[in-house]
Amino acid sequence: MKLVIAFILACQSVKAQQISTYTKDVYVTSKDSLPYRLLYPLNYNKNKKYPIVVFLHGSGQRGNNNEAQLTGVPKRLTDSAGRVKYACFILAPQCSKKDVWVKFPNFPASLETTKLATPATKSVLAKLDLLIKNLPIDPKRVYVTGYSMGGEGAFDFLARRPGLFAAAIPICSVSDTAKARLIYKIPIWAFHGDQDDVNDVKYSRLMITALENRKGTPKYTEYQGVKHNSWLKAYEEPGLFDWLFSQRRR
């Protein structure tokens with residue numbers, strides 16, 4: 001019994017240490033507030049330039065505790081080996097329960113998104129601009145990834161700021177295929193499970209086809225027999241982050 005209790009306490013301690021490595025803040029505007037965490041590169045040197053990864057959580061992590069969004073951040077980027085190999089900033093914002101990263105007003109009849117960004121997305125992009133301005137971030141190595149609602153957000157971020165992002169990893173998402181004309185030149189590696197019972201796999205297939213029809217060259221991995229939690233396999237995909245960090249905006 002003592003060993004079990006010791007193990008539980010050790011796990012809680014590790015989790016607390018991982019959370020404590022992030023700075024915790026709230027970006028406030030005249031209309032909205034956005035809780036976010038920011039992870040600095042290991043052995044941070046203000047005289048060096050670093051890439052930044054924007055991580056967008058799924059709908060289940062919405063809220064205002066400024067903690068739930070961290071559960072899905074890829075461990076390959078935050079474990080000891082990853083922080084050495086992929087020295088980068090990680091921005092992990094938290095969307096409020098009353099908002100989403102992107103809206104599809106007439107879904108499923110239409111995949112068209114709203115003309116204006118949602119308040120959460122507008123705040124994230126504004127905060128990202130400030131970070132790029134005030135921190136030693138390489139403006140040619142700005143990346144975005146997310147799963148489910150966050151994957152949808154990743155595609156929407158690209159469409160709203162195609163000149164900002166160097167690459168994206170959207171997972172098990174729905175997206176506005178009409179926006180392929182804006183983003184086909186951006187390196188994208190998308191993932192989906194073929195048995196997804198939340199966001200049908202057809203939606204990733206549709207966007208990949210739309211990008212290819214524009215002469216884009218997206219990468220696409222579809223997992224056989226996998227349901228909605230395909231991000232668990234995707235973020236462990238061999239070579240994924242080597243690919244991501246090799247991308248630079250032209």
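Predicted model: local features only at pLDDT ≥ 70, side-chain atom pairs only at ≥ 80, totals over all residues.
Helix 5 covers residues 149-160, 12 residues in total. From its first C-alpha to its last it reaches 16 Å, close to the 16 Å expected at 1.5 Å a residue. Of the 12 residues, 11 are buried, so helix 5 is largely enclosed by the rest of the structure. Among the buried residues are Met-149, Glu-152, Phe-155, Asp-156 and Leu-158. The cover over the buried residues includes strand 3 (50-56), strand 5 (137-147) and strand 6 (167-171). Helix 4 (119-134), helix 6 (180-183) and helix 7 (202-213) are also part of that cover.

The aromatic side chains come next. The count of aromatic pairs is 17. In one of them, the ring centres of Tyr-147 and Trp-231 are 4.2 Å apart with the planes at 20°, so this pair is stacked. The pair links distant parts of the chain, with Tyr-147 in strand 5 and Trp-231 in helix 8 (residues 231-234), 84 residues apart. Tyr-147 counts as buried at 5% relative accessibility, and Trp-231 counts as buried at 18%.

Trp-189 and Trp-243 form an edge-to-face pair, 5.7 Å centre to centre and with 85° between the planes. This pair also links distant parts of the chain: Trp-189 is in strand 7 (residues 189-193) and Trp-243 in helix 9 (residues 240-246), 54 residues apart. Trp-189 is buried, with a relative accessible area of 8%, and Trp-243 is buried at 14%. Lys-219 lies over the face of Trp-189, 4.3 Å from the ring centre.

Elsewhere, Lys-233 lies over the face of Tyr-223, at 5.2 Å from the ring centre. Tyr-86, Tyr-143, Tyr-235, Phe-241 and Phe-245 form one aromatic cluster.

Key: Residues numbered from 1 in each chain as written. Heavy atoms only, no water. Helix = DSSP H or I, 4+ residues; strand = E, 2+ residues; numbered from the N terminus. Expected span 1.5 Å × (residues − 1). Buried < 20%, exposed > 50% of the residue type's maximum accessible area, 1.4 Å probe, protein only. Contact = heavy atoms within 4.5 Å. Phe/Tyr/Trp six-rings, centres within 6.5 Å; stacked < 30°, edge-to-face > 60°. Lys NZ or Arg CZ within 6 Å of the ring centre and 35° of its normal.
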